[in-house]
Amino acid sequence: VMSHTLDVLAFGAKIDVPSGFSVDIETARQDRGLESWSLGARGTRHRAAAAFVYQKADRLAIIVSQDGDAAFFYMLEDKLVRWPIWTSRSDC
């Protein structure tokens, strides 16, 4: 967990997910459009990142999965958006 000035506030912190937490998430496509994205099939880190950002709109979460995928979670107007970090040169 880092502050807005990038000071490390906590490392390896556990971010609790409220019981029954459920939210609609949009994922950004490479063509800059949005499509529905299911949080239900994801693990604890994804749910914690989504809940952390959803609770306060000025937050940003970065998640890196064990399979190598990485993404930002942030609020865009009233939508929770997952923005994948594309890694191949053709994705830029």
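Salt bridges, taken as a side-chain nitrogen of Lys or Arg within 4 Å of a carboxyl oxygen of Asp or Glu, number 2 in this structure. The model is predicted, so local features need pLDDT of at least 70 and side-chain atom pairs count only at pLDDT 80 or more, while totals for chains, interfaces and linings use all residues. Residues are numbered from 1 along each chain as its sequence is written, and side-chain values use heavy atoms, with hydrogens and water left out.

Side chains of opposite charge can pair when their charged atoms come close. Arg-29 and Asp-31 form a salt bridge with closest N and O atoms 3.1 Å apart. Here Arg-29 is partly exposed at 31%, and Asp-31 is exposed at 55%.

Ser-3 lies in the segment before strand 1 (strands are DSSP runs of E, at least two residues, and helices runs of H or I, at least four, numbered from the N terminus). Ser-3 counts as buried because its relative accessibility is 18%. Its side chain makes a polar contact with that of Thr-5 at 2.9 Å (a pair of N or O atoms within 3.5 Å, one able to donate a hydrogen and the other to accept it; residues adjacent in sequence count only if both atoms are side-chain atoms).

Buried residues of helix 1 include His-46, Ala-50 and Val-53. The buried residues of this helix pack against strands 1 (25–28), 2 (34–37), 3 (60–64), 4 (70–76) and 5 (79–84), contact being heavy atoms within 4.5 Å.

Definitions and conventions: Buried means under 20% relative accessible area, exposed over 50%, partly exposed in between (1.4 Å probe, protein chains only).
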